[in-house]
Amino acid sequence: MANDASTVFDLVILGGGSGGYAAALRAAQLGLDVALIEKNKLGGTCLHQGCIPTKALLHAGEIADQARESEQFGVRATFEGIDIAAVHKYKDDVISGLYKGLQSLVASRKVTYIEGEGRLSSPTSIDVNGQRIEGRHIVLATGSVPRSLPGLTIDGNRIISSDHALVLDRVPQSAIILGGGVIGVEFASAWKSFGTDVTIVEGLPHLVPVEDENSSKLLERAFRKRGIKFNLGTFFQGAEYTDNGVRVTLADGKTFEAEVLLVAIGRGPVSQNLGYEEQGVAMDRGYVLVDEYMRTNVPTISAVGDLVPTLQLAHVGFAEGILVAERVAGLKPVPIDYDGVPRVTYCHPEVASMGISEAKAKEVYGADKVVTLKYNLAGNGKSKILKTAGEVKLVQVRDGAVVGVHMVGDRMGEQVGEAQLIYNWEALPSEVAQLIHAHPTQSEALGEAHMALAGKPLHSHD
């Protein structure tokens, strides 16, 4: 196989999703000669089948809810239904605009972009389109795909993945969603807003089980109020077609029937048949193993994004890609503190968090060293205006920094930036309490929570 380049690239990246293109852009910015290989579309899952399209659907659902509920704000509006073709056009227009912008950005940085299915052929080369692309360093960034369970076949008809759900040509009358994590509750929220009768099946004891338990309980309360049903604590056993849809059976014998079954149990790494194991790259259950600098056991190969066993978030992929680019360029980047990464579930209401949960804090510091405070949004003026309910919960090491911020309520995802600074700068409650937050805003709830934790509550009880 011929090498198509007269010179060897400094960096060859396999995969043009969040982690891959971030590595390419930063490396080019630092003066490296970069090749970026992608078999589908630049932008990967996040732009085309993940973050962006799902949030567009959720916003369309939010508009539908506002139309239905407008009279409580003194506005007379008529809700006539969902035009799903128009919803998809709106969603696709958002994607298209961002896609064109990203293509332009990659071209402007003079990254050599190669469209084709690549395969690792040596510790310093990728084979693609019948040519061998040589690089001094390789970055593996091949991402992830929706998972399923043994014996459960996702057929794209009645048993679907999130990829299928994003292009479904109708609003299902009823849906069972297998999995109560981020993907599951976001689709449950959007479909309920569109008018679907939704039931979530989650084998663990709570929805969004990786969040602080208080956040899970608040979301469950809100979903009950919205009429979103869920069955917790019993695992899936099987699924079969009925005359008109799908029947799901749980391990305890309980059954549910609906028009479609959305399998939303998470995403698995894309790593099979790509030459990774043949070139000696250490792996575990399909994931490529890396150290804190995203280095594999092969000195010339790094890996980033959903391919590695870190948080499957686009912004984590960005950070990992940037870290690799800077390390290869000779800078000294700081390893990522994954507890210091913001996490947002964009359902209605939103769930946002930073740092560690109360349970984890007690495990790390000891139960007697952990202090918590809950600030109810009922005391927040903007929340009253929005007619949203929820809480801001703070987890503090006694006489020390705030190590966890957990928020549930409308627009809480927009407050997570300040929460990120509070956690990552190891702020004391008294320091945050000195900051003046604009009134009335949702961010004020974060300030008031810290005021209360500092012993000087304003719009909350002692």
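The points below concern a predicted model and cover an annotated span, backbone geometry and a surface patch.

1. Annotated span. The UniProt record, an unreviewed entry, places the feature "domain: FAD/NAD(P)-binding" at residues 9-321. In the model, this span is 32% helix and 26% strand. The C-alpha atoms at the ends of residues 9-321 are 17 Å apart.

2. Cis peptide bond at P349. H348 and P349 are joined by a cis peptide bond, with omega at about 0°. P349 sits in the loop that runs between β20 (343-345) and β21 (350-355).

3. Cis peptide bond at P440. The bond between H439 and P440 is also cis, and its omega is about -5°. Here the loop holding P440 lies between two helices, α12 (429-433) and α13 (443-453).

4. Positive phi at N129. N129 is not a glycine, yet its phi is positive, about 55°. This residue belongs to the loop between β5 (125-128) and β6 (131-140).

5. Positive phi at R411. R411, likewise not a glycine, has a positive phi of about 65°. The loop between β24 (402-409) and α11 (416-424) contains R411. R411 counts as partly exposed because its relative accessibility is 41%, between the 20% and 50% limits.

6. Most peptide bonds are trans, and most residues other than glycine have a negative phi.

7. Nonpolar surface patch. Y90, V94 and L98 make up a nonpolar patch on the surface, and together they have about 220 Å² of accessible area. L98 lies in helix α4 (residues 84-108).

How values were computed: Residues are numbered from 1 along each chain as its sequence is written. This is a predicted model: local features need pLDDT of at least 70, side-chain atom pairs count only at pLDDT 80 or more; totals for chains, interfaces and linings use all residues. Side-chain values use heavy atoms; hydrogens and water are left out. Patches are made of residues with over 30% relative accessible area and no salt bridge: like charges are joined within 9 Å, nonpolar side chains (Val, Leu, Ile, Met, Phe, Trp, Tyr) within 5 Å. Accessible areas come from the Shrake-Rupley method with a 1.4 Å probe; for residues, only the protein chains shown count as cover. A salt bridge is a side-chain nitrogen of Lys or Arg within 4 Å of a carboxyl oxygen of Asp or Glu. Helices (H or I, at least four residues) and strands (E, at least two) are DSSP runs, numbered from the N terminus. UniProt positions are given in the numbering used here, feature names are shortened, and annotations may be inferred rather than shown by experiment. Buried means under 20% relative accessible area, exposed over 50%, partly exposed in between (1.4 Å probe, protein chains only).
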